[in-house]
Structure formats: structure tokens, C-alpha cells
Amino acid sequence: MRHSDQVPEVHDARDAGADGTARRLVILRHAKSAWPDGVPDRDRPLGPRGLRDAPAAGRLLAGSFGVPDLVLCSPARRTRETWDLAGAELDRTPPVRHEPRLYAADAQDLLDVVREVPPEVGTLLLVGHNPGLEDLVLLAAGAATGDALERVRTKFPTSAVAVLTLQGPWSQLGPGSALLTEFAVPRG
């Protein structure tokens, strides 16, 4: 197992942990990508706006949620670049796994990946794509604080960050089992 694939102890989960307390699923849609001619979808880079917005997403993560215990990132170029720029804003680098199942995943695929996360992980960050991420938030959120759920239903744009809180282990994440506590769209 490579170092970046190892699951860490919980260090900065702030309200999430392995002892049955709340777990936090932070969902980050990749920043705005470019559409160069002849480049396969998987290899599309970030565009100028994405290069500005991804660090802003990282500053939001650093200021509001701390360092996640584990990052699962789609292997697509635009998601990797988003994470590289966002992660550079954190105090330290968490373990990152580039998970092939996140590319072109639907909500059920994403749910399956999250349910496999070890219980030691208190805060998990998913970096991926729409419509899967938006659909996952809408599927898992049984309730929300403020107008967050309505805002997600309206639009889940690039660089959007949604935070779901789950009581119990990751294996119990399912339809309506989480609380959507935050939804933000950082811009650089």
C-alpha cells in the first residue's frame, strides 16, 4: 500500500470521529474546466476561472472544516488539479486516494464508495463531478439547515462545497440519513 493510500488516525475532524459521533462528508465539485479541442473528457484541464476558484475552495475548507482525514478524488485531470490547488491552502496534506470509481459516477456509485470508508475516518472529502455529486447530496440529505437544500436543488455549480453530517458509521449513509449543514460556492 502506498503512503497516500493509508488511512490515517483522526486528527482534525472537529465534530467527527470513530466513536459513534457525527461524521462529516465534505463534497467538492471540481472547479471550472477548459474545453480544448481534441482533448478527451478525462484529460480536460482547469480553465482560467477554475484556476482562481480552486484555491478559494481550499481557503473555505481550511477556515471552516480543517484538514480532512481522507480525500477521495476522481482521477480526471480537472479534479486532480482542483484538489492540488485547494489542498495547498490547508495547514497539512491529508492522505489522498485517486479513486477511479468517482469518474462518471452516479449517486449510487458514490454512496457505495463512501460506505466502504473505514470508521476511523471522521471527515471525508470527495472531489468529483456532477451530476453525481449533486444527486448524492439530494439523496442523502434528509434535512438541511437554512435554505441549503433548496440552493443545491437550484444549482450545484463548479467549485461548490456541500457538507453532510452523518450520525454513525459510513456504512449507514443512505437516502435521507444525513443533515446538509452547509452549501457554499467559493469564488477566487
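**View 1. The crossing of helix H3 and helix H4.** In this predicted model, helix H3, which covers residues 107-115, and helix H4, which covers residues 132-140, have axes that come within 8 Å and cross at roughly 70°. Sorted by class, the contact of H3 with H4 has six nonpolar residues, one polar residue and one charged residue.

**View 2. The open sheet of seven strands.** The seven strands of this open sheet follow the order S3-S2-S4-S1-S6-S7-S5, and their pairing is mixed. Strand S3 (96-98) and strand S5 (141-144) stand at the edges, and each has a single partner strand, so one side of each is left without a neighbour in the sheet. On average, and with direction ignored, neighbouring strands of this sheet are turned by 25° against each other.

**View 3. The pairing of strand S6 with strand S7.** Strands of a sheet pair through backbone hydrogen bonds, and they may do so either parallel or antiparallel. Here strand S6 (residues 161-167) and strand S7 (residues 178-184) run antiparallel, and six bridges join them.

**View 4. The largest cavity and its lining.** The model has one cavity of 30 Å³ or more, and about 40 Å³ of space lies in the largest cavity. Val 26, Leu 61, Phe 65, Gly 66, Pro 68, Thr 123 and Leu 125 form the lining of the largest cavity. By class, this lining holds five nonpolar and two polar residues, with no charged residue among them.

**View 5. The largest pocket and the residues around its centre.** About 190 Å³ of space lies in the largest pocket, which is lined by 13 residues. Of these lining residues, Arg 29, His 30, Lys 32, Trp 35 and Thr 158 lie nearest the centre of the pocket. The lining of the largest pocket divides by class into two nonpolar, five polar and six charged residues.

Methods. Residues numbered from 1 in each chain as written. Predicted model: local features only at pLDDT ≥ 70, side-chain atom pairs only at ≥ 80, totals over all residues. Heavy atoms only, no water. Pairing = 2+ DSSP bridges. Helix = DSSP H or I, 4+ residues; strand = E, 2+ residues; numbered from the N terminus. Axes fitted to C-alpha atoms, helices over the stretch in contact; angles between N-to-C directions. 1 Å grid on protein atoms, 1.4 Å probe; cavity = no way out; pocket = protein on both sides within 12 Å on 5 of 7 lines; lining within 4 Å. Points joined across faces, edges and corners; volume = space filled by probe spheres on them. Nonpolar A, V, L, I, M, F, W, Y, C, P; charged D, E, K, R; others polar.
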